[in-house]
Amino acid sequence: MIQDDLVPQHRKLVSSYTLVDRIFRRVITTGGLFSLVILGLIGAFLLYRGFEIFSDFGFSFITGEVWNIGDPMDTSTAVLGIGAMLMGSVITSVIAILIAVPCAIAVALFIEFYSPRKVRLILTAVLDLVAAIPSVIFGIWGYAVLLPIIEDWSVPLERWLDFIPIFSVPSGIFGRSPFLAGVLLALMVIPIVTSVAREVYSQAPRDLIDASYALGGTRWGAIRNVVIPFGRSGLVGGAMLGLGRALGETVAVYLTLNLVFDINFRILGSAGGNVASLIATKFGEATEYELKALMAAGLVLFLVTLLVNFMASIVVNRSGKII
Amino acid sequence: METPNLETKEVINSNIQMEPTVMNDTTRRNAENLEVKGESGLETRGVHAWFDKHHALADVSLHFPENTVTGLIGPSGCGKSTFLRLLNRMHEFIPKAAMAGQVLFEGHDIYADDVNAIDMRRRIGMVFQKPNPFPAMNIGENVVAGLKLSKIKSDNKDEIIEDCLTRAGLWNEVKDRLKSPGGSLSGGQQQRLCIARSLALKPDVLLLDEPCSALDPGSTLRVEETIVQLSESMTIVIVTHNMQQAARVSDYCAFFLSDGGPGHLVEADLTTNIFSNPKDTRTADYVQGRFG
């Protein structure tokens, strides 16, 4: 046992950097902080412009189903709430993710484990290309091509499943429904989720896959036993990234969804909502007060997507440590 | 078959610098106990391997008699591991890998069109260089992972787990914590867990690719004891860089070498002959540590 007075003090550790190192450090730090500052400024701007709305309506701005300017001269007659739009954003995004994730898993597994090399290169290029298609193109295509197809599917779905509330359509009007918007969003999100899924699956430990084969496992056995458990949390992260994109999508939803200020869960009917589309729709002819409300709606959307992406990065960072 | 005499290991361990003549007396079986039993076991005929354009292994013909241990020795890059992976068709999982020749298992070519490679691998098990228990499974689940992968139903999983862990020499160390993750074991224990995992499928042949290269001497000894015990009931092929290990566990040794070109078989014989009286001077130089 060493005597207490013989235990030395901790030495002070000084690191000295070269000039190049210091300059590089500054540049990098500035760049890193810059993106944070931009993010903060956007949030601050939206909060500043929309603050009046939050103080006027409080929580009912988020839950309310009515969007009525009232007398343009008298702001106290306005009743503004984005509840229906917010719920609509969630519903369309959830539909998109429910469709996109299984497809993305299948595509990623095919590319990584089954496809011949040439097919893999082509498929990867095509998926990158799809990710780069402007959303307005998706919107137009969705309206012109996908809409009739989805309508054809919706009618029998409603007929056979209308005892389940979400599939019933009391209005009898199909067309520009949350289901259509969800399917379209799924198509837009699949490349993102696939790309993340491929990335995680490609990092599945080769020695464990070999071990599965050596134990008489089939390729599917190795995938189920090793690759999918390994990629699970990474995939959740990818799905969240896709969800973030789906929540914020504007033009494609604007073209394929009827905005109706009424919270409903009937996904086949021609009535739904989406915060981003609401902003795009109302922005052009908004009164000054309504503009503030749109800013406030933007802030809510901003916070929701930020939260989703934040959760995604947490989950993605955990990826690989579980296994 | 004579029970392997484990005491000789002690002698070898304490005589790392031993003379070849001493080795002759201490290798674990004598020539008269080893008789080739007809067509049984595993045999290769004129086997070659390529990785894309690279010719990695040329013209290897070897016979592995039933219930014997064969050591594959040779310097790095001589194609031992490639050869081992050809014996249960793991070679073909490497992109652009190719092979030629025949691998006969019980007289039948495992590369023949009518052979189901997946069923074949259940009978020719493999243990890898780096211990690789499945991290998402606990110790018990790891042992029966092969049954799960092969969709083999069994009512007596607990018995299988105990039996395999016992034969792999791990039971006493883990019997109280079968529910802990496989990754919580030490490296040597993990490797014995991987051996137990292979045993659950009741293989006829066990291929070991430098199973002790990542282990400390104590764990190495335990694994070697396991190998010697297992060889009473199965054919074992082991790749090793450790000459003492080859001498301790193997009945036969095959010396591979690559002199710039593809790796090839220089000499294969009883381990006693390889160490005491090799026919090729390169073999003598290698086993006596003059190169490699």
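Which residues in α6(A) meet which residues in α8(A)? In this predicted model, the α6(A) side comprises Leu185(A), Met188(A), Val189(A), Ile192(A), Val193(A), Val196(A), Ala197(A), Val200(A) and Tyr201(A). They meet Val227(A), Gly231(A), Gly234(A), Leu235(A), Gly237(A), Gly238(A), Ala239(A), Leu241(A), Gly242(A), Arg245(A) and Ala246(A) in α8(A). By class, this contact has 14 nonpolar, 5 polar and 1 charged residues.

Two packed helices are described by the angle between their axes and the distance between the axes. In chain A, helix α6 spans residues 178–202 and helix α8 spans residues 219–248. Their axes come within 8 Å. The axes cross at roughly 150°. Angles over 145 degrees count as roughly antiparallel, and α6(A) and α8(A) are therefore roughly antiparallel to each other. The crossing of this pair is right-handed.

Helix α9 covers residues 187–199 of chain B, and helix α10 covers residues 217–230. The axes come within 9 Å and cross at roughly 15°. That angle makes α9(B) roughly parallel to α10(B). The crossing of α9(B) with α10(B) is right-handed. On the α9(B) side, the contact is made by Gly187(B), Gly188(B), Gln191(B), Arg192(B) and Ile195(B). From α10(B) come Ser219(B), Arg222(B), Val223(B) and Thr226(B). The residues of this contact divide into 2 nonpolar, 5 polar and 2 charged.

Note on methods. Residues are numbered from 1 along each chain as its sequence is written. Chains are lettered from A and ligands numbered from 1 in the order in which they are written. This is a predicted model: local features need pLDDT of at least 70, side-chain atom pairs count only at pLDDT 80 or more; totals for chains, interfaces and linings use all residues. Axes are lines fitted to C-alpha atoms, for helices over the stretch in contact, and angles run from 0 to 180 degrees between N-to-C directions. Helices (H or I, at least four residues) and strands (E, at least two) are DSSP runs, numbered from the N terminus. Angles under 35 degrees count as roughly parallel, over 145 as roughly antiparallel, 65 to 115 as roughly perpendicular and the rest as oblique. A crossing is left-handed if the near helix is turned anticlockwise from the far one by less than a right angle, and right-handed if clockwise. Two residues are in contact if their C-beta atoms, placed from the backbone, lie within 7 Å. Ala, Val, Leu, Ile, Met, Phe, Trp, Tyr, Cys and Pro count as nonpolar, Asp, Glu, Lys and Arg as charged, and the others, Gly among them, as polar.
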